[in-house]
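Here is a short tour of one protein chain and its ligand. Keep the sequence and the 3D view side by side as you read.

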Amino acid sequence: VGSCLDLRIVLIGGRRGSKRSKSSTGNLILGQNVFDTSSRTAQSTARQREVHGRLVTVVDTPGWLWEYSREETSELDQIEIQNSVHLCPPGPHAFLLVIPVEFNFPRIFKLSLKEHLELFNADVLKHTIVLFTAFTPIREENIQHYIKKYPTVQTQVLELFRKIEELVTNNLNNPYSVDETQGIILTQKLQSFVENASRRRNKVLKKRQKLRAQIEGMLQTSSGCNGSQNSWFGSCHGFRVTVRIIFRNLKKKKNQQKL
Ligand SMILES: Nc1nc2c(ncn2[C@@H]2O[C@H](COP(=O)(O)OP(=O)(O)OP(=O)(O)O)[C@@H](O)[C@H]2O)c(=O)[nH]1
Ligand SMILES: [Mg+2]
């Protein structure tokens with residue numbers, strides 16, 4: 001069994017409600033809270049640390065939903081999952097398919113797994129290790145304390161590294177092959193997603209500003225219809241009248257625009 005000083009790992013897998021574990025597993029492997037486990041991972045992220053004498057890079061990815069097909073996974077999540085292999089050049093040594101042990105694995109999950117693995121090239125199968133996780137949910141969310149409390153975690157991480165190194169040897173030291181052109185295309189796609197999102201946000205903000213200005217203008221023109229009534233009912237009635245006028249005016253404006 002060869003020992004390599006540099007280990008590049010991509011965490012993949014799905015989630016089903018609270019049954020999920022990728023980011024937590026990444027934290028346990030690197031021995032530090034480097035991945036956020038308080039909410040779902042939306043973006044593939046690489047983190048690196050020296051662990052047990054190796055320089056370990058772990059890439060965390062968004063999880064898919066186990067009970068659904070790949071079609072149901074958002075395009076952005078699919079791109080993020082595909083992009084993971086480009087965050088640890090020249091390519092990962094191993095994919096860890098993270099599955100909480102409390103899962104019974106129905107057929108439908110297998111279909112979902114098969115479809116999501118197709119986000120990578122066929123080489124993925126030669127580089128995948130299934131990692132069953134079963135650990136006590138961490139109340140204090142501090143991995144260093146957790147590892148101190150459960151020292152066997154260190155032994156398990158070391159055992160995992162040995163398994164990965166065995167896999168590397170079996171693959172003749174070749175990492176999963178990464179297509180750099182695909183990496184460039186994915187970066188461009190992600191960039192255009194970000195640009196479109198900010199364009200949509202600006203459009204909504206502008207629409208909102210315009211509407212606010214219209215409402216303020218109309219409130220000014222319609223003020224005075226409840227001027228003589230100072231009672232609570234009077235002001236409510238006045239408010240209702242004002243709202244009705246605003247909606248009537250907006251409707252009129254819309255109809256005029258249609259014509
Ligand atoms: N019971 C149990 N809880 C776990 C296990 N692994 C993680 N958790 C808890 O489940 C929650 C979510 O875990 P994450 O590691 O963020 O899940 P994830 O796979 O990264 O999820 P996504 O980013 O949404 O794909 C955390 O509060 C963990 O403490 C496990 O093996 N068993
Ligand atoms: Mg996560």
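## Helix packing

The crossing of α2 and α6 is left-handed, meaning that the near helix is turned anticlockwise from the far one by less than a right angle, with clockwise giving a right-handed crossing. The axes of α2 (residues 75-83) and α6 (residues 180-222) come within 10 Å and cross at roughly 145°. Axes are lines fitted to C-alpha atoms, for helices over the stretch in contact, and angles run from 0 to 180 degrees between N-to-C directions. From α2, the contact uses Leu76, Ile79, Gln82 and Asn83. From α6, Leu186, Lys189, Leu190 and Phe193 take part. Two residues are in contact if their C-beta atoms, placed from the backbone, lie within 7 Å. By class, the contact residues are five nonpolar, two polar and one charged. Ala, Val, Leu, Ile, Met, Phe, Trp, Tyr, Cys and Pro count as nonpolar, Asp, Glu, Lys and Arg as charged, and the others, Gly among them, as polar.

This is a predicted model: local features need pLDDT of at least 70, side-chain atom pairs count only at pLDDT 80 or more, and totals for chains, interfaces and linings use all residues. Residues are numbered from 1 along each chain as its sequence is written, while chains are lettered from A and ligands numbered from 1 in the order in which they are written.

## Overall layout

The protein chain has seven helices and seven strands. These are DSSP runs numbered from the N terminus: helices are H or I with at least four residues, strands E with at least two. Of its 259 residues, 24% count as buried. Buried means 20 or more other C-beta atoms within 10 Å of the residue's own, exposed means 12 or fewer, and partly exposed is in between, with C-beta atoms placed from the backbone.

In α1, nine of the nine residues are buried, so α1 is largely enclosed by the rest of the structure. In α6, the number buried is zero of 43, so α6 lies largely in the open. Helix α6 reaches 63 Å from its first C-alpha to its last, close to the 63 Å expected at 1.5 Å a residue. The expected span is 1.5 Å times one less than the number of residues.

## Around the ligand

Ligand 1 is surrounded by 18 residues, the closest being Arg20, Ser24, Arg40, Thr41 and Gly63. Here, a residue is near the ligand if its C-beta atom, placed from the backbone, lies within 6 Å of it. Helix α1 (residues 22-30) supplies the largest share of the shell, three residues. The shell divides into six nonpolar, eight polar and four charged residues.

## Backbone and loops

Most residues other than glycine have a negative phi, and most peptide bonds are trans.

| Residue | Phi |
|---|---|
| Gly31 | about 70° |
| His52 | about 45° |
| Asn173 | about 65° |

His52 sits in the loop between β3 (45-51) and β4 (54-60). It is exposed, with 12 C-beta neighbours inside 10 Å. Asn173 belongs to the loop between α5 and α6. The peptide bond from Pro89 to Pro90 is cis, with omega near 5°. Pro90 lies in the loop between α2 and β6 (94-100).

Where is Glu67 found? Its place is the loop between β5 (64-65) and α2. Glu67 touches Arg16, Ile108 and Ser112, not counting residues up to four places away in sequence.
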